Amino acid sequence: MVTRFLKRPFGDQIAFLQQLRREFEATGAVAPSSRFLARAITKPLTDREGPARILEVGPGTGAVTRQIVQGLRSDDRLDLVELNGGFVEILQQKFRDDPVFQAAADRAEIHMCAVQDFEADGQYDFIVSGLPLNNFPAELVREIFEVCFNLLADDGVLSYFEYMFVRKFRRVLSRGSERARLTALEEILGARLQQHRFRTNGVLVNIPPAWVHHLRKEETPRAD
Ligand SMILES: C[S@@+](CC[C@H](N)C(=O)[O-])C[C@H]1O[C@@H](n2cnc3c(N)ncnc32)[C@H](O)[C@@H]1O
């Protein structure tokens, strides 16, 4: 059903909205990421030397995956972890039928599960996450960061995005337990960024505009 739309213009956008209606919290976006966001979040991969193990978490319809597979080298390996069966179906079809994806199909594997349940067979040099963290309970976000950092090689890089000002805006408008959740998220994400971030880029050409954060597993030395 979802894949019927793939051959039509805007097929990915329509499929995305369908999944948003069904799985609002886990989908967490009204449209796939723009190519500008895809380029910004995969920048550390473009700059790498040597073969790499890459994990993409929450690939959705494959907007960021397209960018990754375009730069995938012969000795690289790509694992994709996606929770939603509708999106998995779309990704499988792309690896079968889309020439850009097909070219990397022998080095890519799709795993249909939540990242917190993913059983990896090794660590990754790069983890690229499209998870809508602002929609999740604080404890789940804490767990996801722990899981991702455990999956990251010592000199590995974790890249993720968040929509600009959305958390702060929602926090101002919310009350009670929702406000407490957003406050806890602010603390968890703020602490991770303070310890591990080496770069943040703003991407304005995206719906909505987003910040892309790049974190190293090794802690960033503090100025004080
Ligand atoms: C905001 S969409 C991002 C899609 C795509 N990366 C993009 O940029 O267009 C979030 C994606 O994360 C997936 N997702 C949500 N929770 C997840 C989890 N715990 N483990 C793996 N994937 C998850 C959703 O199904 C959805 O595909």
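Visitor: Where is phenylalanine 165 found?

Guide: Phenylalanine 165 sits in the loop between β5 (152–163) and α9. Helices (H or I, at least four residues) and strands (E, at least two) are DSSP runs, numbered from the N terminus. Residues are numbered from 1 along each chain as its sequence is written. The model is a predicted one, in which local features need pLDDT of at least 70 and side-chain atom pairs count only at pLDDT 80 or more, while totals for chains, interfaces and linings use all residues.

Visitor: Why does phenylalanine 165 count as exposed?

Guide: A residue is buried if 20 or more other C-beta atoms, placed from the backbone, lie within 10 Å of its own, exposed if 12 or fewer, and partly exposed in between. Phenylalanine 165 has 12 C-beta neighbours inside 10 Å and therefore counts as exposed. This residue also has a positive phi of about 60°, although it is not a glycine.

Visitor: Which peptide bond is cis?

Guide: The bond from isoleucine 207 to proline 208 is cis, with omega near -15°. Proline 208 belongs to the loop between β6 and β7. Most residues other than glycine have a negative phi, and most peptide bonds are trans.

Visitor: Which residues are in contact with tyrosine 160, leaving aside its neighbours within four places in sequence?

Guide: Two residues are in contact if their C-beta atoms, placed from the backbone, lie within 7 Å. On that basis, tyrosine 160 is in contact with Ser129, Leu131 and His213. Tyrosine 160 and valine 212 lie 52 residues apart in sequence, with 5.8 Å from C-alpha to C-alpha.

Visitor: Why are the buried residues of α10 said to line one face of the helix?

Guide: These buried residues are Arg181, Leu182, Leu185, Leu189 and His196. Seen down the axis of α10, they fall within an arc of 90° (taken from the directions from the helix axis to the C-beta atoms), so they line one face. They pack against α8 (138–151), α9 (166–173), β6 (197–203) and β7 (210–216). The face turned away from the buried side carries exposed residues, including Glu187 and Gln194.

Visitor: What makes a residue count as near the ligand, and which come nearest?

Guide: A residue is near a molecule or strand if its C-beta atom, placed from the backbone, lies within 6 Å of it. Of the 23 residues around the ligand, Pro32, Ser33, Gly58, Gly60 and Gly130 come nearest. The elements giving two or more residues to this shell are α2 (24–27), α5 (63–70) and β2 (77–82).

Visitor: How do you know that the radius of gyration of the chain agrees with a compact globule?

Guide: The radius is taken over C-alpha atoms, and the globule rule is 2.2 Å times the number of residues to the power 0.38. For 224 residues the rule gives near 17 Å, and the chain has 17 Å, so the two agree. Of these 224 residues, 37% count as buried.
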